Amino acid sequence: TGLYRALFEVMLETYKPVIAAINGHAIAGGCEIVLSSDVRIAVEGATIGLTEARRGMGANLGSVLLPRLVPRAVAMDLLYTARTIPVEEAKEMGLINRVVPREDFEAEVQKYVDDILANSPVTLRRYKEMATKSWGVPLPSALRLNVGPNPYLSEDRVEGVRAFLEKRAPVWKNR
């Protein structure tokens, strides 16, 4: 409200990739943080759930976002029962991207971040802004949105092509 925005909104709308590294249980508000992330990597044995119905709370973001991320019947089941589920089950429904053993967790998350950082920041920003701002927009309109920087007009595109031709890693300038 006013000058202040909910953390969840900021996470959803920031132009940078947001990765949830889930190294324990993600319940209620913690689950909403996970839902607000672009990518979710979890440690084996963790659980996730929106348990607010057990406490008379609302899970406002979760009740809006969860049905957009998984099939509606699955989302409604999770919301109505307030049950928590293992991250392995959440992965099967597409809610979690990766589940990794605890001993590999930090290295796997870092490798994933490094893989993202190796890519053009201009393109990553474009992806995030297009994916966010086109969500729920009809396809013809979504394809005509002009949000975020245009990677085709960027110095990074020139560098990316040059690096490919020279068989070397690109040096991104984020412009």
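**Pockets in a predicted model**

Reader: How do the residues lining the largest pocket divide by class?

Author: The model is a predicted one. In the lining of its largest pocket, 4 residues are polar and 4 are charged. The remaining class, nonpolar, has 15.

Reader: How much space lies in the largest pocket, and which residues are closest to its centre?

Author: The space in the largest pocket comes to about 520 Å³. Its lining is made of 23 residues. Those closest to the centre are Leu 12, Ser 37, Asp 38, Lys 128 and Thr 132.

Reader: Which element gives the most residues to the lining of the largest pocket?

Author: Elements that give two or more residues to this lining include helix 2 (29-36), strand 3 (39-43), helix 6 (105-117) and helix 7 (121-133). Another of them is helix 3 (60-69). With 6 residues, the one that gives the most is helix 3.

Reader: Which helices each supply at least two residues to the lining of the second largest pocket?

Author: The second largest pocket has a volume of about 300 Å³. Its lining includes Val 113, Ile 116 and Leu 117, and these positions fall in the range 105-117 of helix 6. Pro 121, Leu 124 and Arg 125 also line the pocket, and they fall in the range 121-133 of helix 7. The helices asked for are helix 6 and helix 7.

Reader: What percentage of the residues of the protein count as buried?

Author: A residue counts as buried when its relative accessible area is under 20%. The protein has 175 residues. The part of them that counts as buried is 35%.

Note on methods:
Residues numbered from 1 in each chain as written. Predicted model: local features only at pLDDT ≥ 70, side-chain atom pairs only at ≥ 80, totals over all residues. Heavy atoms only, no water. 1 Å grid on protein atoms, 1.4 Å probe; cavity = no way out; pocket = protein on both sides within 12 Å on 5 of 7 lines; lining within 4 Å. Points joined across faces, edges and corners; volume = space filled by probe spheres on them. Helix = DSSP H or I, 4+ residues; strand = E, 2+ residues; numbered from the N terminus. Nonpolar A, V, L, I, M, F, W, Y, C, P; charged D, E, K, R; others polar. Buried < 20%, exposed > 50% of the residue type's maximum accessible area, 1.4 Å probe, protein only.
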